[in-house]
Amino acid sequence: MSTRVSIFVTCLVDQLFPKTGLAMATVLERLGYSIEFREDQTCCGQPAFNSGFRDEARTVARHFLKVFADADYVVLPSGSCTAMCSHHFSELFRDDPAALYQVHALEPRIWEFSRFLLEVAKVDDVGASFPGRVTYHDSCHALRELSIKQGPRTLLRKVRGLELVEMDTAEECCGFGGTFSAKFAELSGAMARTKVESIRRTGASAVVSIDSSCLMQIQGAMRREGLKVQALHLAEVLAGGAQ
Amino acid sequence: MSREAMMASIRESLGRTPGQAISAPPEARIRIPDVDEESRVGQFLAALEALNARTFVAPDAASARQYVASLTLGKDALASNAPLLRELGIADLDGVRCGITQLDALREHAARCDLGITSADFALADTGTLVMFSSVEEARLISLLPPVHVAVVPRQKLLSGLDELFALNPEPARRSSSMVLITGPSRTADIEQILVRGVHGPGEIHVVLL
Amino acid sequence: MKEITAIQPQLHPALDNPKLQLAIYTATGRLVDKRKGTVAEESLPDYQELRSQANALKRHAIDHLDYYLELFQRNVEANGGKVIWCRDGKEVVDFLLGLAKQRKSKVLVKSKSMTTEEIHLNEHLEEHGLEPVETDLGEYILQLAHEKPYHIVAPALHMTRYEVADIFEEKLKIEREEVPEKQTQIARGILREKFLEADIGVSGANFLVADSGAVVLVENEGNARLSTTAPKVHVAVAGIEKVIPRAQDLATFLKLLGRSGTGQPLTVYTSFLAGPRREGEIDGPEEFYVVLLDNGRTKVLRDADKRQALFCIRCGACLNICPVYRRIGGHNYPWVYSGPIGAILTPQFEGLDKNPWLPHASSLCGACGEVCPVKIEIPRMLLELRADIEAEKAAKGEDKLEKLGFQAWARLMSNPMLYRAASAAGSWVLQDAGDGGWASQLPFFLNAGPTKGWLSQRDLPLPAPKSFRQLWKDRLRQPPSSVPVRQQDATDEGHSA
């Protein structure tokens with residue numbers, strides 16, 4: 001079994017939340033994996049795909065396929081980007097057998113971070129500690145396209161000092177939705193505020209998710225609404241506390 | 001004609017030709033649970049009560065008649081022509097009209113009376129449902145127009161649920177022009193989702209299980 | 001971006017009315033909870049199998065629609081009924097006008113039917129001097145108020161008892177009544193007379209059963225039973241897609257419909273109607289007609305994948321769970337079908353160019369697909385429609401700006417050198433614009449387009465001073481243990497640059 005992991009940090013993490021990427025690498029390294037970061041990586045193509053621009057999405061997806069063609073494992077700190085690569089690439093290339101062949105060859109090697117920990121590394125306790133009450137936001141694509149529901153919660157429950165509380169709208173969309181958040185700004189904002197109020201009611205000091213896009217939306221809205229709660233990627237929590 | 005135009009358009013869209021055979025449909029899904037009579041009765045009564053229907057388990061014919069008599073006392077009632085209602089002596093109770101086979105008379109009485117009394121062809125235990133086929137014995141309006149509906153059902157008619165009903169009656173249209181499933185009193189929640197019973201159909205249902 | 005301003009005004013009314021928004025959110029939330037309870041493992045262990053079966057049955061029936069419609073017609077005729085084929089709403093109106101003339105009737109009682117809403121049947125009949133009366137309580141209220149349904153299942157979901165009181169007071173000229181029980185009784189009294197007076201009852205159809213020639217109607221109030229039993233003539237108006245192969249298939253569909261719609265294992269009344277009154281039966285209609293309506297459906301059939309939108313059994317579950325529907329409500333949708341199902345039906349019926357924004361008005365959260373009892377892949381259909389819409393726009397040369405933007409973006413994202421250069425430039429321009437990595441406003445020259453939309457609602461994260469790839473390079477130069485991975489103290493929010 002290979003211990004070589006290639007990380008795809010996603011464009012959002014690369015540009016806006018690099019610490020999430022570093023945290024993910026740290027957790028994986030602690031578990032004995034050697035991490036490689038392929039410099040040529042960019043984006044999975046989802047923004048164009050979701051907006052209906054399939055040619056443009058294919059251009060970017062092809063680049064992704066080229067960059068990671070020979071990777072043993074590709075681990076992503078995002079449910080949404082994982083779903084794009086492992087579910088929607090095959091739709092994108094349905095009329096292109098050669099590319100489809102590459103997609104199917106790569107699909108089984110693409111892993112969302114929390115699932116990789118539980119199903120490949122087979123650990124639920126990474127030795128992390130985090131003091132305080134935390135609530136978990138189910139990101140839509142992880143929940144509904146990848147069926148990731150209990151995994152991240154299992155990992156969080158093993159964190160020393162961490163108390164996990166559920167918010168009443170955990171499964172309800174935060175309203176990000178890519179370009180939707182700007183095109184339908186008021187609607188997206190209204191959805192975010194519902195989420196913020198729900199987080200407020202838990203009394204948690206941090207909200208955790210496995211998607212930086214949701215966290216960007218939630219944290220942006222919490223700041224605007226004056227709610228002082230941390231928005232953290234699961235990797236950041238799991239990297240916390242020395243082993 | 002529109003039929004030909006629509007059919008041609010449908011076939012063109014589907015890429016089919018007139019008279020072309022079809023692939024086998026998915027097998028009908030009928031799963032009859034193994035539920036003994038005692039449990040069926042328990043389920044049926046619980047389901048009805050949850051729907052706010054009144055229930056009465058009659059140990060014998062006399063007590064069934066007596067229960068119905070307590071409901072019709074001082075009221076104007078219309079009974080269906082179900083032989084069971086005659087056998088039980090319900091059709092002869094004071095204030096109960098029975099034996100109507102003319103539509104106009106039926107409409108007039110059903111619209112005016114306080115209480116409609118019927119039997120049922122089947123009942124479904126899991127949902128608390130009465131199954132009524134329209135016939136000379138059971139007119140449709142008796143369970144519909146009066147504000148109160150009383151149904152007298154022998155426990156042998158109690159099926160486990162929808163699957164058993166459709167297993168026994170794979171083609172209900174062969175039996176009658178109308179099969180109606182009644183599950184509790186008429187209700188609405190159209191205004192502020194507040195539950196109100198007795199909108200157009202009976203707001204009160206009594207089920208007497210023999 | 002022209003599109004932004006074009007879309008936003010439409011959605012304002014519901015978004016600007018917090019009271020209405022809360023009412024919709026609460027009402028749909030209640031329906032969501034009820035549904036959840038009745039499809040849960042302990043209540044319906046074979047729920048997922050039933051969904052798969054329902055999907056397979058619908059797919060089979062739609063893929064062989066010509067066959068099942070012919071079979072249905074033969075069996076309706078064998079039962080003594082008639083099938084009327086109508087290409088559009090006008091043909092339906094003409095048929096009903098002829099029928100009313102022949103029977104010299106003026107009043108038609110109607111039970112709730114989305115199909116007749118689709119063709120504005122009431123308005124057209126009224127234009128010709130007839131009096132169609134909606135008998136479902138919610139529909140009756142809306143008819144009095146001259147509004148279209150707000151919701152597929154709960155048409156007056158948006159109205160309060162006080163608004164109903166206003167409408168009754170004004171339209172019925174009665175004393176003000178604000179108690180829902182009493183309001184219901186008022187409607188019952190008025191409508192009871194209409195039921196007994198009307199010669200023609202018009203219903204929709206939840207299912208058309210091919211092997212039986214039967215129409216199946218599902219309801220709670222009893223108005224559908226009355227509309228189809230009391231008048232001498234029953235006319236069911238149904239879309240051609242409503243056909244299912246066998247009566248036995250109802251054992252599948254009925255278990256799903258009530259639960260998904262209102263959280264009832266079965267609705268109060270399920271009527272299985274196979275033709276006019278028969279010899280020996282005491283009541284029921286003398287004449288029985290089924291109007292099969294096309295109105296664009298055969299066009300939708302052309303796309304073998306997207307025709308699955310026609311599987312819909314109109315339960316409304318996707319509306320109730322949809323975070324968009326729950327914020328904007330039913331009247332912001334351009335056609336009678338609202339919510340996610342409306343967003344995939346409308347463009348297919350009315351054309352991609354008519355409301356191109358509609359399939360885009362979704363965060364793609366996928367909740368609709370998860371609750372659909374017949375497993376319509378609504379989220380995937382939204383994506384397909386978005387692609388179709390953009391392809392059509394590109395072919396016509398419309399809305400070039402967004403296309404150009406994505407073309408430039410794709411070039412950037414498939415060229416690592418360009419990407420790195422742009423990334424460095426971005427963080428250089430923006431790094432000092434905010435506070436702790438986040439901005440609540442930006443200088444005017446940056447506050448435009450999508451950025452402006454974003455900032456109107458929430459703060460914006462700014463590019464990190466060093467991107468991940470730069471930090472990774474730094475990290476490789478030193479032993480990993482000395483790199484701080486989480487600097488919780490650096491900011492009070494944590495998830496920051």
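**Reading the interface of chain C and chain B**

Modeller: C:Asp66 forms a salt bridge with B:Arg16, with 2.8 Å between the closest N and O atoms. The model is predicted: local features need pLDDT of at least 70, side-chain atom pairs count only at pLDDT 80 or more, and totals for chains, interfaces and linings use all residues. Residues are numbered from 1 along each chain as its sequence is written, chains are lettered from A in the order in which they are written, and side-chain values use heavy atoms, without hydrogens and water.

Colleague: How many salt bridges does the rule find across the interface of chain C and chain B?

Modeller: The rule asks for a side-chain nitrogen of Lys or Arg within 4 Å of a carboxyl oxygen of Asp or Glu. Here it finds 8.

Colleague: Which helix of chain C gives the most to the side that touches chain B?

Modeller: Helices are DSSP runs of H or I, at least four residues, and strands are runs of E, at least two; both are numbered from the N terminus. Helix 10 (residues 180-197) gives the most, with 10 residues.

Colleague: How many residues does the contact take from each chain?

Modeller: Contact means heavy atoms within 4.5 Å. Chain C supplies 95 residues and chain B 77 residues.

Colleague: What area do chain C and chain B bury between them?

Modeller: Buried area is the accessible area (1.4 Å probe) that two parts lose on being put together, summed over both. The value is about 7,300 Å², 56% of it on carbon and sulfur atoms.
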